[in-house]
Amino acid sequence: MSFGETPITVVGNLTADPEIKFTEGGAALAKFTIAATPRVFDRDSNQWKDGTSTFFRCAAWRHLAEHIGDSLTKGSRVVAFGRIRQHDWQTPEGENRSMLALEVDEIGASLRFTNVTIQGKRSNGAAAAGADPWNTGQPSGDSTFSEKPPF
């Protein structure tokens, strides 16, 4: 992320299956919309109700785009992190238009209301070679290892 960009994290549900396209150069592009709907407590009825939804048009590129297309579907609850981008264009009638969109850098399934099983392998570093990326050697002080947490 560059200086001056507007980072944002959005939690919500996909409104449709992601649309996957490829540029002439072969780069994948995923386009999708996330609806973020707050829950508000109505004191009059003493119940929780849905607030007003905000819809975020999103785009992701390359491998992330392909993983989104393979993993997410309409209704998927996600946590997406990225940056706000403004897109400007002119209509055929000569009217200037603009819109804000979220360019997604990271996205994952929300585990708040469901379980998710992660499949696949890492494609970088020691993990790809089968090594344990968390292996830091022997614990300090004691040369034995216990499955029990130290707290």
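The model is predicted, and its chain contains 2 helices and 8 strands. Along the sequence, these elements follow the order β-β-β-β-β-β-α-β-β-α.

**Nonpolar core**

- The largest nonpolar core holds 17 residues, and those with the most contacts inside it are Phe32, Ile34, Ile68, Val104 and Ile107.
- Two or more residues are given to this core by each of β1 (7–14), β3 (28–36), β6 (54–61), α1 (62–71), β7 (77–90) and β8, with β3 supplying the largest share, 5 residues.
- Isoleucine 68, once its neighbours within four places in sequence are left aside, is in contact with Pro18, Ala30, Phe32, Ala60 and Ile107; of these partners, Phe32 and Ile107 are also listed among the residues with the most contacts inside the core.

**A buried loop residue**

- Serine 76 lies in the loop between α1 and β7, and it counts as buried because its relative accessible area of 15% falls under the 20% cut-off.
- Apart from neighbours within four places in sequence, serine 76 is in contact with Gly12, Asn13 and Leu14.

**Aromatic pair**

- The count of aromatic pairs comes to 1; the rings of phenylalanine 41 and tryptophan 48 have centres 5.3 Å apart and planes at 65°, so the pair is classed as edge-to-face, given that planes over 60 degrees apart fall in that class.
- The two partners fall into separate accessibility classes: phenylalanine 41 is partly exposed at 38% relative accessibility, whereas tryptophan 48, with a relative accessible area of 53%, is exposed.

**Surface**

- The accessible surface of the chain is about 11,800 Å², and carbon and sulfur atoms account for 50% of that area.
- A nonpolar patch on the surface is formed by Leu111, Val116 and Ile118, which together have about 330 Å² of accessible area.
- Within this patch, valine 116 is placed in the loop between β8 (96–109) and α2 (125–128).
- Valine 116 has a relative accessible area of 39% and is therefore partly exposed, since that class covers values between the 20% limit for buried and the 50% limit for exposed residues.

Conventions
Residues are numbered from 1 along each chain as its sequence is written. This is a predicted model: local features need pLDDT of at least 70, side-chain atom pairs count only at pLDDT 80 or more; totals for chains, interfaces and linings use all residues. Side-chain values use heavy atoms; hydrogens and water are left out. Helices (H or I, at least four residues) and strands (E, at least two) are DSSP runs, numbered from the N terminus. Accessible areas come from the Shrake-Rupley method with a 1.4 Å probe; for residues, only the protein chains shown count as cover. Patches are made of residues with over 30% relative accessible area and no salt bridge: like charges are joined within 9 Å, nonpolar side chains (Val, Leu, Ile, Met, Phe, Trp, Tyr) within 5 Å. A salt bridge is a side-chain nitrogen of Lys or Arg within 4 Å of a carboxyl oxygen of Asp or Glu. Buried means under 20% relative accessible area, exposed over 50%, partly exposed in between (1.4 Å probe, protein chains only). A nonpolar core is a set of buried Ala, Val, Leu, Ile, Met, Phe, Trp, Tyr and Cys residues joined through side-chain atoms within 4.5 Å. Contact means heavy atoms within 4.5 Å. Rings of Phe, Tyr and Trp (its six-membered ring) pair if their centres lie within 6.5 Å; planes under 30 degrees apart count as stacked, over 60 as edge-to-face and the rest as tilted.
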